[in-house]
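This tutorial dialogue concerns the reading of an interface between two chains.

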Amino acid sequence: MNRMTTKTLALAGAFFAAAGAALAQDNAPLIDLLVQKGIVNDQEAEELKAELVKSFVHNTSAGKLNLGSAVTEFKLSGDLRLRHQEETKQGQGKLTTDEQRRDRFRFRFNGDMLLQKGWGAGFALETGSAADSGNQSFVSGNDDYSIYLARAYVSYRYSKDLIFVGGKFKNPFYTTDMVWDGDINPQGLNENYSLTLGGKSGKDTLEFRAAQIIMADVNESKGGGAAGRDSHQFVQQAVYTTYFGELNASSFVIAPGFMLSTNSVIGTTGNETPFAGNGRYFNIITLPGELNFANIAGEGTSLKTYWDFAYNTTGKDQVYKSYGIASTYKADRTAWLVGIGYNFGSGKQQGDYGVKLDYRELGIGAIDPNISDSDFAFGNLNQKGFKLSASYNVTDFASLNAAYFYTTDKQQTLSHANGSLDHSQILQLDLVVKF
Amino acid sequence: MNKLLAFVAAALVAVSAAQAQKIVIKGSDTLGAKLVPMLAEEYRAQNPGVSFEIAAEGSTTGITAVIDGTAQIGMSSRRAKTTEMSAASAKGVSMKPLIVAYDGMAVIVNENSPIKALTKKQVEQIFTGDITDWSAVGGNPGRISIYTRNTSSGTYSDWKELAMNRRDYASSSQKMAGNEQIAAEVAKNANGIGYVGLAYVSAPGIRVVPVNGAVPTKESVLSKKYPYARPTFFYTNGEATGEAAKFIAFTLSDAGQKIVEKVHFVAIR
């Protein structure tokens, strides 16, 4: 600073007074103009910029955070969702329909850090202890609510193409909510390798994703058989993405995968849809994908068709051995989904909107009810039906969303806890504010 | 016993004196590959008692080292980010930038490439992946191979700022450890394109492409007519003191700035 002229100091003072520290970072073009006019030289301009940034970090929360020196970037983010839900359901063989209106909220707070030498770490806090839902219903007496640790992970990026993650982390797989509920954060290990293929677009990719997921860590001394074994899920997936069309903005994605489960028993009483079975026979082939046409009705618009398919090669064991369902019923080892969506914008700016409609059928033996969407048919299997959803961004950071689910049973009189719903409807109206 | 104490005290004084003569400099590969080692060599020739520890692993490491107190001087080819200034502030470190030279980041292609000129827009489209074939910018048909610096490099982020409208690099871009590696890869690949500092434009097998009609020269960089010109910095914790201050003064002196020009950077005056 001692190199700076009186004139420069006066200018700096004027900047502080006029613009305020919070706007200090925006003054770079103005300083550059002063350099061009010959009022300050380059060195003085650099010192001035540094002083303004120092003032910014001193006078805002940024300057008061004491971060470890290994942290090169620390991002805080989150969202709050207010939801009104109307729901009806009727069990197989029941004469009455259960109806409920629920007012709920979900709060999520995330911290993601980039550390030096390719390392990273992060956490997420949220309401709701269930793995497949962060919702918290408003209960009586203005009670306060608990916050749970939804994610806690470390990562190591070996190269730009290869990253390892361990702990409880964001779902790394390309999927739909038919197989994986969007709220679930798997726990265990995850590896991702990305290969740039180039192709006509120059940016086509083939990614290999794998995870070794701990579904339950039991005390082996407390029981033999399936109940005394740790429960693991091993998931592998290849994701091929190719781009085409004008500016290569349209895309096609196909992601074949295979999921293996060890035969064991897990306690999921915390889940929205508690698992009811005495073993896990989920060796599932999956094949989600999408075809996305960009700019179909002007810049920023897109039309997407998407699908998912799942086939449980050990579905018979799951249905007859684990669920104990009579062999007169079909094992029904297939689940599938087809959908179409129209978007204006990316959903990140005021005025962006989107509409989606999908139809799906879930066989009783097809997928793992512990991880499938807890909203479609309340997480039940043996269901078919559709989901219609829409969203509108009222600001860049706030949106109004609506979703309607309608389902009916596939096989009647199945009478098992994971597949005994006769029909259901859910209407969800949300206000989501992101920060 | 008194003799022993005197010996120990003398030894401690000698050790501390020796340590005081060591200048630790970390950071930018752009500065640390050639310029700073040559400055250090010349400075050491004039000051035989001084030793240097120089580590050139990217601007981020230099700024972090000043914040951590593990280097007296941090070399950087970019300005410190707000998050870095914040981290420094939290540790009571006052980051002080000092322009030591100017650099022009040259767009280079293989010497056999027919590309004679590019516009700023075309450069942005190439490095972001909007354009993937040379035929789209007047070259022979062939997939463009993009070579960039790695993510800890100040040049990597400076290029995004200056040439890419802050957009992300094309996913197909290949990250190189330094300027020399980029020049070497482009020299081997007829479809290659990359960017290097002025000190590397005369590497064999490559050719500099004018952008918006301008090539990086001393005049175009100083007059800021070349679009990809930038200052390069030494960062210190407040005003440098001791031997580090003397080395900085040498760097800014006529003798130091002659070395700056010798390695094809642009002197500050």
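Q: How many residues does the contact take from chain A and from chain B?

A: Contact means heavy atoms within 4.5 Å. Chain A contributes 31 residues and chain B 28 residues. This is a predicted model, in which local features need pLDDT of at least 70, side-chain atom pairs count only at pLDDT 80 or more, and totals for chains, interfaces and linings use all residues. Residues are numbered from 1 along each chain as its sequence is written, chains are lettered from A in the order in which they are written, and side-chain values use heavy atoms, with hydrogens and water left out.

Q: What area is buried between chain A and chain B?

A: Buried area is the accessible area (1.4 Å probe) that two parts lose on being put together, summed over both. Here it is about 2,500 Å², and carbon and sulfur atoms give 49% of it. Asp42(A), Glu46(A) and Lys54(A) supply 19% of the area that chain A buries against chain B, more than any other three residues.

Q: How many salt bridges are counted between chain A and chain B?

A: A salt bridge places a side-chain nitrogen of Lys or Arg within 4 Å of a carboxyl oxygen of Asp or Glu. The count is three. In a salt bridge, the side chains of Glu46(A) and Arg79(B) meet at 2.6 Å, N to O.

Q: What is the mean pLDDT of chain B?

A: pLDDT is the predictor's confidence in each residue, from 0 to 100. For chain B the mean is 88, and 93% of its residues reach 70 or more. Over residues 12-19 of chain B, pLDDT stays under 50, and the model has zero contacts there beyond four places in sequence. Where pLDDT is low, the predicted coordinates should not be read in detail.
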